[in-house]
Amino acid sequence: AVMGAVLAAVSPAVVVPRMVKLMEEGYGVKEGIPQLILAGVSVDDVYVIVLFSTFSGMMQGEGASVIRFVNIPVSIILGMIIGLTTGVLLAFYFQKVHIRDTAKVLIILGISFLLAAAEDSLITIAIMFIGVGLQRKREAVAKRLAVKYGKLWVAAEVFLFVLVGATVNIGYLGRVGVRALLMIAGALLFRMAGVWVCLLGTGLKTGEKAFTMLAYTPKATVQAA
């Protein structure tokens with residue numbers, strides 16, 4: 001069950017920047033494909049974090065808690081409310097107080113770190129909805145900040161994946177390499193099949209469904225490590 005929770009996680013560090021780039025270039029925006037994938041990845045992480053924590057506790061003899069499963073929809077809704085409210089408040093603040101975009105980026109980063117320390121399960125959705133709230137009220141500012149964050153991610157991406165790679169035990173991979181690859185491949189195929197089933201009731205074309213299925217294949221190396 002613990003391994004299943006790890007395998008179920010999609011990598012937001014890979015998917016989110018790519019979907020944002022597609023939205024900036026206008027690909028699939030009319031059909032809502034990048035937006036759909038962004039929302040799915042964020043909610044996916046909430047479920048996986050809660051399930052992983054629950055199953056890990058069961059392995060350590062703590063037992064399963066119904067409260068933790070109830071907290072899944074609560075975390076999603078609470079994350080949306082906190083993020084949207086914070087984004088709207090920041091939009092009004094930036095409208096009243098004129099500061100440089102660099103300072104705005106630092107303010108949002110500081111709030112994001114506070115959310116990360118407060119509650120892991122709602123951080124992804126909350127931070128995403130900070131951007132939604134800011135974009136709704138101050139679209140011009142949101143676009144400028146998106147460019148700033150894009151430049152920041154160039155360096156942050158290198159640090160992130162170098163640190164993840166540093167945690168990988170190469171010796172262990174040598175002992176279970178083939179079995180691990182087969183397990184990951186099977187999990188990815190199962191995940192793609194699940195995405196296809198979820199898209200059956202939509203008006204997306206076959207190629208668009210195939211793209212959405214492939215977009216869900218990046219493995220969450222951060223969670224796995």
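A residue counts as buried when its relative accessible area is under 20%, as exposed when it is over 50%, and as partly exposed in between (1.4 Å probe, protein chains only). Keep that in mind as you explore this predicted model, where local features need pLDDT of at least 70, side-chain atom pairs count only at pLDDT 80 or more, and totals for chains, interfaces and linings use all residues. Numbering starts from 1 along each chain as its sequence is written, and side-chain values use heavy atoms, with hydrogens and water left out.

**Stop 1: the whole chain.** Show the cartoon and you will find 10 helices and zero strands. Helices here are DSSP runs of H or I with at least four residues, strands are E runs of at least two, and both are numbered from the N terminus. Of the 225 residues, 33% are buried.

**Stop 2: helix H9.** Now select residues 206-215, where Glu208, Lys209, Thr212, Met213 and Ala215 are buried. They sit on the same side of H9 because they span an arc of only 160° around the axis, taken from the directions from the helix axis to the C-beta atoms.

**Stop 3: the largest nonpolar core.** Such a core is a set of buried Ala, Val, Leu, Ile, Met, Phe, Trp, Tyr and Cys residues joined through side-chain atoms within 4.5 Å. Select Val10, Val15, Met19, Ile37, Val41, Val195 and Tyr216, which touch the most other members among its 14 residues. Helices H2 (12-25), H3 (33-59), H8 (170-198) and H9 each supply at least two residues, and H3 gives the largest share, four.

**Stop 4: a second core.** Finish with Ala91, Phe94, Ala126 and Leu134, which are among the 12 residues of a separate core.
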